[in-house]
Structures are given as structure tokens and as C-alpha cells.
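Hi,

Here's the structure I promised to send over.

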Amino acid sequence: VVYFNGARLLVETPKDPVYSSNGANVTLPCRYRYEPDMESRHKIRIKWSKLREDYTKEQDVLVAIGKTYVAFGDFRGRAHLHQAGRREASLVVSDVRLQDDGKYRCEVIDGLEDESDVVDLRLKGIVFPYQPPRGQYSLNFHEAERVCQEQGAILATFNQLFQAWSEGLDWCNAGWVADGTVHYPIRQPRKPCGGMHLAPGIRSYGPRHRHLHRFDAFCFSSALRGEIFYLDRPAGMTLEEAKQSCQDAGAEIARVGHLYSAWKFLGLDRCDAGWLA
């Protein structure tokens, strides 16, 4: 992109992902400059958007002109610009949520000139397979979304599932992921899981009908804001007694996503079985 006066607008963001966790605050760096250096004749407009995996726009995050800005949707009240330095357009997101994981476009508009670059925000988390109490392969896509939320999580993306597979996840049951496709990760090929002749990897069923087809779910959870502790009663407890005991202790009974998160991020290691919600 070349100006009539020969100066070029450049937008720069980090090439490596920016990592954060649930409930934290994060800054997505973005700066712009001109080659050769010059001062703009216009008010600079900065626009941040969240992208889908194919880099098409998913939602507007924030638009700013000078010190005036507007945040949109779920980012209202959580997003603002960090303009500590000259020609900085960094985005600050507070109280990071699981849904914030993904790619963000930083777009700088100077008059008729428009340049952008992309920042990849990744939440430190864990993918876990979930099968509801009523049994295997009983969830359509929308039910899978709901049960993950009920477990303190969201449906994992394919990239999150791939990362979990590369870290050792091996699971023979197929499950939904966030884009409506169905997969299962195999580290050790075996006869019941696609056969011995297939190499390790993510086995895919591709897109499935979101209402009619039924599978399990792969959920994604991030680091806990609190802690998980074990209540020991020698005589044992029913589920309802366990819920009440947690309330009496000033807490609530843990969900599946909480347990996985405590195991991965807090080093929880206990041999005794206990109720979950």
C-alpha cells in the first residue's frame, strides 16, 4: 500500500501466540508505523475484530478514533486500547473468558489507507472427553455445547483437540468439536478404534448434522479461579449429601471441567473417588 506522497503504512503484531488463562487480563500487542517516517494528515481509526479459523470475521471487538472507543457484544466493559506509546494500538481484554480463545485482527485506517495484522490468543487449558450419565453417543451438537457449559467448559476447537492429542490424549469415542465436526484422537492404533492399519492421529467423521446425529463431546476448560479440595466422610455420602456438605463448607460441588483443570494446573493427585455435580 503506497500513499500519494510515497509513504507506506505498516501494522505489526507478534508472530508467536499470546497465552492467557480464564479470568486473567491480557494485552494483544499491535503497533503501526510509516516508511519513511511521517505524520498522518488524518485521525487514525483502529479496529479490532475476532476471526474464525479461516480468517473471516466472526465479530467486532472494538473501534477507536483517538481516545474515543466503543467495544461490542461480549467485549463491552472488558476491552479497551492500551496506547502508552506513540503509534500503539494494542488491545487489552480483562476477565478473559474461554470463548475469547482465537485469532484477532488489528486494523489501522488512515484516510483511504488500510493495513492490518493478526494476533493469536491462546488460553492455557485442557481438553477432556465428556459422556453424559445417560450413556455413549447421546448428544446432538447443541446438547454437546450445553453439557460442556454445564461442566465449566466450552466445546473444544479442532486446534485445541489437536494440541491435546500431541500432548498424549488418546480416546476411542467420537465427539463433537466447536465447528460442528466430529473426531477422535488416537495415539495407539488398535482394532476397535479404526483398525491397526491406520497411523496415529485425529480420526475424523467430518461435518455431521447438528440436530440428527449424536456423539460424545470434547470440552475445553482453562485454569481455575479457585481450588478443589476433598471432603472425607468415612461412612461415605450420597450425591445430595455431598452437595450439602460442600455448601456447609462454603463451597460448591465440583464439575468435570473443574477436576480436569485442578489435575493439570494445580497438581491435584488423590486416589479416593468422590462425587461430581
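D272 and R270 pair up through their side chains in a salt bridge, at 2.9 Å from N to O. By salt bridge I mean a side-chain nitrogen of Lys or Arg within 4 Å of a carboxyl oxygen of Asp or Glu. D272 is partly exposed at 43% relative accessibility, and R270 is partly exposed too, at 46%. The cut-offs there, with a 1.4 Å probe and protein chains only: buried is under 20% relative accessible area, exposed is over 50%, and partly exposed is in between.

Before you dig in: this is a predicted model, where local features need pLDDT of at least 70 and side-chain atom pairs count only at pLDDT 80 or more, while totals for chains, interfaces and linings use all residues. Numbering runs from 1 along each chain as its sequence is written, and side-chain values use heavy atoms, leaving out hydrogens and water.

Searching the whole structure turns up 16 salt bridges. One of them joins E167 and K264 at 3.3 Å, N to O. E167 sits in the loop between α2 (158–166) and β14 (175–176) and K264 in helix α4 (residues 256–265), so this pair ties together parts 97 residues apart in sequence. (Helices are DSSP runs of H or I, at least four residues, and strands are runs of E, at least two, numbered from the N terminus.) E167 is exposed at 52%, whereas K264 is partly exposed at 36%.

Then there's K243 with E240, at 3.9 Å, N to O. They're 3 residues apart in helix α3 (residues 239–248), about one helical turn. K243 is partly exposed at 26%; E240 is exposed at 53%.

Finally, E12, R33 and E35 form a linked network of salt bridges.

Cheers
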